[in-house]
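Biologist: Please put the model on screen, and we will go through it by question and answer.

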Amino acid sequence: MKAPAAVQAYQRQTAPRGALRLDANEGPTPRFDSGTWPLGSEDLRRYPDASALEADLARRHGVQPDEVLVTAGGDDAIDRLCRRYLQGGRTLDLTAPTFSMFFHHARLAGGTTRTVPWWSGPYPVAAMAASVGEDTGLVAVVSPNNPTGAVLTPEELTELRRATGDRVLLLDAAYTEFGEVDLTPLALSLPHTLVLRTLSKAWGLAGLRVGYLLGPAAILKELRAWGAPYAVAGTSLALARQALAQSEKALQATIAAVRQNRDQLAGLLGELGACPQESQANFILC
């Protein structure tokens, strides 16, 4: 859950260079080959084309390129979904607390939100199923959840999909690299289901603003028309491709270090008498 804009502005002015702003859930500093700049002058004068990055991501996830839509961070993906499926005052069903930008973009789209409490423990599938109504345009779930770190099980995701009928279901998996189970393959096997991923967290590339949706080609083709035609800058696309081409071993080492630090912090908080929640993200709610 992001801090207010004024707080973030103050932190940008006062935080030591290289320090992580934990409230913004930023990732560790990425490593690039400083001697390799991926763009030439011709690239800079052309409007950007995300198709090469979408092909890279498709190979990474074992899907077709038309089943990937690169967006300007996860926020752009959420904005497109809300404007497409909440128009006319339709409702977004989700749990609370969760990522604040869902409520922001639902409101901007002229839609409404309806929430079911979920702080910890099993995901409230039955309550969510009861919440969904004729006015529901979109169902969303964040796992690992922001700000609690709680997760769905594969069985809960499957049951949620069954219980919500043919409505579009979004799994926001922005923090999935830090969890024990990646639900992306399961979600992509389910009908009318999209997965939101990002390079902002585990990859440590929040400044590039590169996110992406995975899902049925027909839905993604429509969502392309609900956003800017050149949503992500060419520089960001090129640097994202360069990051994806780097060693998977290095990425996994970074993720392992974050998990270890998370567990150590939870232990320290417990020793100090606090009650941190169990988290599978890169942050702890305490």
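The turns below cover a helix, a contact set, salt bridges and a surface patch.

Modeller: This is a predicted model, in which local features need pLDDT of at least 70, side-chain atom pairs count only at pLDDT 80 or more, and totals for chains, interfaces and linings use all residues. Residues are numbered from 1 along each chain as its sequence is written, and side-chain values use heavy atoms, with hydrogens and water left out.

Biologist: Which residues of helix H9 are buried?

Modeller: Helices (H or I, at least four residues) and strands (E, at least two) are DSSP runs, numbered from the N terminus. Buried means under 20% relative accessible area, exposed over 50%, and partly exposed in between (1.4 Å probe, protein chains only). In H9, residues 217–224, the buried ones are Ile219, Leu220 and Leu223.

Biologist: Which exposed residues sit on the face of H9 turned away from the buried side?

Modeller: Cover for the buried residues includes strands S1 (68–71), S5 (168–172), S6 (193–198) and S7 (211–214), along with helix H4 (73–85). The face turned away from the buried side carries the exposed residues Ala218 and Lys221.

Biologist: Which residues does Leu188 contact, leaving aside neighbours within four places in sequence?

Modeller: Leu188 belongs to helix H8 (residues 184–188) and counts as partly exposed at 25% relative accessibility. With contact taken as heavy atoms within 4.5 Å, the partners of Leu188 are Val63, Val195, Leu214 and Gly215.

Biologist: How many residues apart in sequence are Glu222 and Arg84?

Modeller: A salt bridge is a side-chain nitrogen of Lys or Arg within 4 Å of a carboxyl oxygen of Asp or Glu. Glu222 and Arg84 form one, their closest N and O atoms being 2.5 Å apart. Glu222 lies in H9 and Arg84 in H4, so the bridge ties together parts whose separation in sequence is 138 residues.

Biologist: Is Asp75 buried or exposed?

Modeller: The side chain of Asp75 meets that of Arg209 in a salt bridge (3.8 Å, N to O). This pair links distant parts of the chain, with Asp75 in H4 and Arg209 in the loop between S6 and S7. Arg209 is partly exposed at 33%, whereas Asp75, at 17% relative accessibility, counts as buried.

Biologist: What separates Arg162 and Glu159 in helix H7?

Modeller: Arg162 and Glu159 form a salt bridge, with closest N and O atoms 2.5 Å apart. Arg162 is exposed at 58%, and Glu159 is partly exposed at 30%. Being three residues apart in H7 (residues 154–163), they are separated by about one helical turn.

Biologist: How many salt bridges does a search of the whole structure find?

Modeller: Asp56, Arg59 and Arg241 are linked in a network of salt bridges. The search of the whole structure gives a count of 14.

Biologist: Which residues make the nonpolar surface patch of about 300 Å²?

Modeller: Patches are made of residues with over 30% relative accessible area and no salt bridge, nonpolar side chains (Val, Leu, Ile, Met, Phe, Trp, Tyr) being joined within 5 Å and like charges within 9 Å. Accessible areas come from the Shrake-Rupley method with a 1.4 Å probe, and for residues only the protein chains shown count as cover. Leu272, in the segment after helix H11 (248–271), is exposed at 66%. The patch is made by Leu265, Leu268 and Leu272.
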